[in-house]
Amino acid sequence: MTIYDILVNCGSVQSDTLITIVSETFLVKRQCFFKNLETKYETLNFKYFTVGFIMWDGKPKLSIKFYL
């Protein structure tokens, strides 16, 4: 399963969903909105992911972290 598989099949992902990709050493490799996620990151396999929320313009927004 790839990052793209999760993002496309999750009904709550929107263009402004915050996506964070974290390396094995817990360093952030990429952080961006779903609409700006580069293709090379979409096809990465991951070990696990977490789902959270952030406040953006006074509204809660979905945030997903993928751990490689």
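Analyst: The model is predicted. In it, strand β3 (residues 48–56) and β4 pair in the antiparallel sense, over 9 bridges. Within this pairing, Ile54 of the structure stands opposite Lys61 in β4. The two strands form a hairpin with 2 residues between them, and Asp57 in the turn has a positive phi of about 55°.

Strand β4, which spans residues 59–67, also pairs with β1, here in the parallel sense and over 5 bridges. One point of contact is Leu18, whose bridge partner in β4 is Ser63.

Val22 has Val28 as its bridge partner in β2. β1 and β2 form a hairpin as well, with 5 residues between them. In that turn, Phe26 has a positive phi of about 65°.

There remains the setting of β1 itself. In a regular strand, side chains alternate between the two faces of the sheet. Both faces of β1 are covered: Leu18, Thr20 and Val22 are buried on one side, and Ile19 and Ile21 are buried on the other. Because 5 of the 5 residues of strand β1 (residues 18–22) are buried, the strand is largely enclosed by the rest of the structure.

How values were computed: Residues numbered from 1 in each chain as written. Predicted model: local features only at pLDDT ≥ 70, side-chain atom pairs only at ≥ 80, totals over all residues. Heavy atoms only, no water. Buried < 20%, exposed > 50% of the residue type's maximum accessible area, 1.4 Å probe, protein only. Helix = DSSP H or I, 4+ residues; strand = E, 2+ residues; numbered from the N terminus. Pairing = 2+ DSSP bridges.
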